[in-house]
Amino acid sequence: MNRKNNMVWGTLVAALLASCVDTEIADVTVAKPESIAQYEYLNDYAPLKSYIDRAANPDFKLGLALAANEFIEGGLVFRLAEANFDEVTAGNAMKYASCVNDKGEMNFETVDKFVTAAQAAGITIYGHTLAWHAQQNNKYLNSLIKDKELPPAVGEGNCLHINTPEAKANPWDWQNIYDLESSLLQGKTYVFSMKTKASSAVTFPLWIETPNAGNTHYGIPQISAGTTWSTISIEFTPNSDCSRLLFSFGQFGGDLWFDDMVLVEKGSEQNMIKNGTFEEGSLPSNWSKPSWHAHSYSIIPTPGDAAVMIPVSVASYDFQNGTPLPGWGDGMTLKVEDGVFVIETSNPTDSWKKQICHETKVPFENGQTYSVSLKIKGTVAGNIGLAFQNPDPDKGYPNCGNFPDIPITTEWKEITVKTICNGEEALRLIWSVGAYGGTIFMDDINIFYEKSASSIPLTPEEKKEALTLAMNNWIEGMMKATGGYVTTWDVVNEAISGGGNDGEGFYVLESASNAGANAANNFYWQDYLGSEDYARIVVAAARKYYAENGGVKPLKLFINDYNLEYDNHKAKSLVHWIEKWESDGVTKIDGIGTQMHVTYRANAADQQKQEERVVNMFEILAKSGKLVKVSELDMGYMDESGTMVLTKDMTEEQHKAMAEYYKFIVKKYFEIIPVAQQYGITQWCATDAPGAPGDSNWRGGEPVGLWDSNYNRKHTYAGFADGLAGK
């Protein structure tokens with residue numbers, strides 16, 4: 001409508017057009033300007049669904065898309081839908097991301113209430129949507145196909161296990177002794193080897209001696225043990241005869257494991273260690289320890305190696321580009337000097353009043369442990385804080401996990417701190433430096449997490465199996481929630497890419513490989529289930545779980561897609577893919593949904609071409625033999641220059657032109673689609689869109705509705721009604 005009328009008439013319009021609104025408003029008599037009088041004809045129109053010739057089109061359903069919560073409330077939206085439409089579609093409430101959380105737990109509370117409200121109103125629901133690549137819970141689904149951890153390498157047989165309760169001051173504070181049955185001889189060269197492993201890396205001495213002889217040899221090469229099994233070998237020559245080995249690990253706290261212990265004279269194969277493989281199950285009496293040592297040792301089954309963890313960098317800064325990290329707060333200067341980040345602060349105050357920020361576009365993962373390593377020093381000793389933060393001001397910049405305070409000394413120190421991120425949408429790491437008075441120097445900052453190196457990707461077959469189960473669980477849950485009441489579904493939504501060649505001259509399916517920048521936001525089930533099995537798996541699950549959960553009436557499953565009226569080759573490709581999916585002789589797809597988010601074009605030649613494409617699309621879909629549903633009809637307006645016109649700038653003539661296009665589309669549907677294939681038409685937007693272009697609203701600010709934002713009928717209402725009536 002023309003919004004250039006004098007604003008004084010704003011309230012009069014609402015009163016004068018009372019019968020255009022599906023609520024009761026008292027009649028008011030006033031003198032009417034011409035711009036208002038021309039809307040009076042809309043008072044004579046009945047509710048939309050009354051214009052359908054039920055005798056000629058007995059199965060046709062007129063639908064409306066709406067927000068499930070608004071329908072559940074039972075207010076104006078509910079009454080408008082009940083009065084004018086046969087069927088409703090939930091815009092988002094029945095989609096995967098609306099019902100499945102990050103752990104895969106499903107919540108169908110809104111769906112339950114939506115079904116209950118529709119049953120009470122005697123209005124059917126069109127299910128939207130069972131399978132789609134958008135609005136999925138990517139975090140959960142990706143967790144199902146992440147690399148799998150390899151089980152620890154299984155140890156063979158037995159080994160010697162030593163446990164010390166703590167690290168002490170001297171090597172001799174914990175010792176294990178082995179008394180040889182034949183002495184090591186002065187001047188002879190010996191080779192000692194064994195497999196070693198420790199709970200943390202350690203190096204400790206092996207000494208040799210003869211008891212009470214005062215001839216302990218301290219210069220033998222030391223024994224090393226890492227966190228995975230390795231074999232050590234040392235060579236030594238005694239300068240006196242010795243009959244005892246002293247394993248001296250007093251400065252170690254934790255677990256040690258020894259295996260395959262061998263001591264031979266060089267050139268000989270005669271092992272001087274009894275039961276060096278520890279397979280006999282009990283230690284020989286050769287082994288002992290000082291009586292006052294409290295550590296334990298025994299033979300146990302050989303453990304495997306734990307997973308090796310490797311760092312994965314999230315971000316790093318060496319400041320060689322001369323750019324400091326950003327920050328805020330009075331009395332703080334940030335700069336880079338000689339490749340070092342310099343933070344000059346004065347007037348110490350609360351730590352959070354001066355902050356340094358690292359911000360990322362991809363949130364830190366909730367529940368993941370992160371580490372931050374850096375070199376740091378200051379002009380004075382002190383501490384600074386470090387924390388995760390959600391930068392949303394509407395939520396109060398919530399804290400998402402604190403690291404231990406970072407200590408600062410006047411000498412360069414390498415510091416690593418770690419903590420768990422414990423909040424959603426943590427996009428920042430914040431250094432809080434407000435309580436520090438002086439100059440801080442930082443360098444070589446690295447933000448990272450650790451992942452197991454002992455993991456391998458799932459095979460394609462394993463990924464398909466995991467996601468097939470997830471798809472079945474999802475569809476079973478939805479069918480239980482709807483209890484057989486919802487008999488028609490978008491079983492697969494927007495599968496055709498609109499490009500490429502499948503080898504038969506038709507477009508390929510949507511995929512992460514052809515989605516460009518959108519790939520990161522979506523989850524492409526078809527990439528894992530397979531182009532042909534994708535739809536088959538979903539259809540089979542829908543039919544199985546519908547029947548198992550109260551489904552009695554025939555179930556109708558639709559493939560829904562967009563731009564079919566603009567790109568007729570896409571319409572042909574969709575029909576082709578349905579034929580391919582059904583070629584297994586088992587899969588049955590009942591219908592095709594065409595999303596018609598159309599635009600009236602003021603350029604007459606362009607508009608004529610578009611109308612020709614609409615006719616071509618209906619003819620292609622009619623020849624498919626499938627049910628045909630206009631699933632998401634709405635309309636915008638494009639001026640001669642190719643610019644979309646917003647509602648606030650629309651003229652009466654432009655609104656009337658849109659009404660004629662609505663009438664054209666609806667009439668052509670009835671003319672071209674055979675009666676037996678007519679499922680129905682769903683208007684996607686009841687009212688004009690709020691917001692502005694580019695915001696979160698669908699077609700923000702455009703005149704997409706049959707009613708205006710105050711629920712007054714528009715010229716497009718008349719065009720739609722006339723199309724239904726065949727005028």
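1. A word on naming before we start: strands are DSSP runs of E with at least two residues, numbered from the N terminus. With that in hand, Thr-599 belongs to strand S32, which covers residues 597–601. Please keep in mind throughout that this is a predicted model.

2. Is Thr-599 buried or exposed? Its relative accessibility is 11%, and buried means under 20%, so Thr-599 counts as buried. Its side chain makes a polar contact of 3.2 Å with the side chain of Arg-699.

3. On the nonpolar side, the largest core holds 116 residues. Leu-48, Phe-71, Ile-475, Trp-525, Phe-720 and Leu-724 are the ones with the most contacts inside that core.

4. How do helices H11 and H12 cross? The axes of H11 (residues 568–582) and H12 (residues 604–623) come within 9 Å, at an angle of roughly 10°. Angles under 35 degrees count as roughly parallel, so H11 is roughly parallel to H12. From H11, Asn-568, Ala-571, Lys-572 and Val-575 meet Arg-613, Asn-616, Met-617, Ile-620 and Leu-621 of H12. By class, this contact has 5 nonpolar, 2 polar and 2 charged residues.

5. A polar atom of the Ser-497 side chain lies 2.9 Å from the backbone oxygen of Gly-499, and one lies 2.8 Å from the backbone oxygen of Val-508. Tyr-507, Leu-509, Glu-510 and Asn-514 are also among the residues that Ser-497 touches.

6. Some backbone details to check by eye. The peptide bond joining His-128 and Thr-129 is cis, with omega about 5°; Thr-129 lies in the loop between strand S3 (124–127) and helix H7 (138–144). Asn-347 is not a glycine, yet its phi is positive, near 50°. This residue is in the loop between strands S19 (340–345) and S20 (355–364), and Asn-347 is exposed at 61% relative accessible area. Asn-563 likewise has a positive phi, about 65°, but is partly exposed at 33%.

Note on methods: Residues numbered from 1 in each chain as written. Predicted model: local features only at pLDDT ≥ 70, side-chain atom pairs only at ≥ 80, totals over all residues. Heavy atoms only, no water. Helix = DSSP H or I, 4+ residues; strand = E, 2+ residues; numbered from the N terminus. Buried < 20%, exposed > 50% of the residue type's maximum accessible area, 1.4 Å probe, protein only. Polar contact = N/O pair within 3.5 Å; in protein donor to acceptor, adjacent residues only side chain to side chain. Core = buried A, V, L, I, M, F, W, Y, C linked by side-chain atoms within 4.5 Å. Axes fitted to C-alpha atoms, helices over the stretch in contact; angles between N-to-C directions. Parallel < 35°, antiparallel > 145°, perpendicular 65-115°, else oblique. Contact = heavy atoms within 4.5 Å. Nonpolar A, V, L, I, M, F, W, Y, C, P; charged D, E, K, R; others polar. Lists of a residue's contacts leave out its neighbours within four places in sequence.
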